[in-house]
Amino acid sequence: MTEPIQVSGDQQTWRVVAHASAFIQLVGIPSLVGPLVVWLVKRDDPVVEPHARAALNFQLSILIYFVVGGLVAVIALVTIVGILLSVLIVLLLVLLFFLELVFALLGTLAASRGELYKYPVSLELIKG
């Protein structure tokens, strides 16, 4: 029988911060910065690292979606039909922003319970 891994209070705090740090975007700091810092500081900690990696992969994925969506919207502005498409893309990006906050909150809550949150639409760019 396998014994559960003992988690210190410090490790618990770091894995919650890995997810919750995405909210720093609300004060103008890119949401990628928080999970990146936690991952760089704690990537040798087997308790914290999976949480930091999951949050970082999600934030990298969101960044990619925003860049691609923004580029497609700008390119689409060249045509009249594209103007409508651009408006739709911008609305989808606004929705994506709010979903990013919801998913970061769900990840934070899961980490506070000791569970690893599987972010939807997240690409696995950094492997464990």
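Author: Happy to! Let me start with a definition: a residue is buried when its relative accessible area is under 20%, exposed when it is over 50%, and partly exposed in between, using a 1.4 Å probe and protein chains only. The model is predicted, so local features need pLDDT of at least 70 and side-chain atom pairs count only at pLDDT 80 or more, while totals for chains, interfaces and linings use all residues. Residues are numbered from 1 along each chain as its sequence is written, and side-chain values use heavy atoms, with hydrogens and water left out.

Let us look at helix H1, residues 9-20. Helices here are DSSP runs of H or I with at least four residues, strands are E runs of at least two, and both are numbered from the N terminus.

The side chains of Asp10 and Lys42 form a salt bridge, with N to O at 3.6 Å; the term asks for a side-chain nitrogen of Lys or Arg within 4 Å of a carboxyl oxygen of Asp or Glu. Asp10 sits in H1 and Lys42 in helix H2 (residues 33-42), so the pair ties together parts that are 32 residues apart in sequence.

H1 also meets helix H4 (residues 80-112): the two axes come within 8 Å and cross at roughly 170°. The axes are lines fitted to C-alpha atoms, for helices over the stretch in contact, and angles run from 0 to 180 degrees between N-to-C directions. That makes H1 roughly antiparallel to H4, since angles over 145 degrees count as roughly antiparallel, under 35 as roughly parallel, 65 to 115 as roughly perpendicular and the rest as oblique.

On the H1 side, Gln12, Arg15, Val16, His19 and Ala20 are in contact with Ala104, Gly107, Thr108, Ala111 and Ser112 of H4, where contact means heavy atoms within 4.5 Å. The residues of this contact divide into four nonpolar, five polar and one charged. Here Ala, Val, Leu, Ile, Met, Phe, Trp, Tyr, Cys and Pro count as nonpolar, Asp, Glu, Lys and Arg as charged, and the others, Gly among them, as polar.

His19 of H1 is buried, with a relative accessible area of 1%. Leaving aside neighbours within four places in sequence, His19 is in contact with His51, Ala55, Ala104, Gly107, Thr108, Ala111 and Tyr119.
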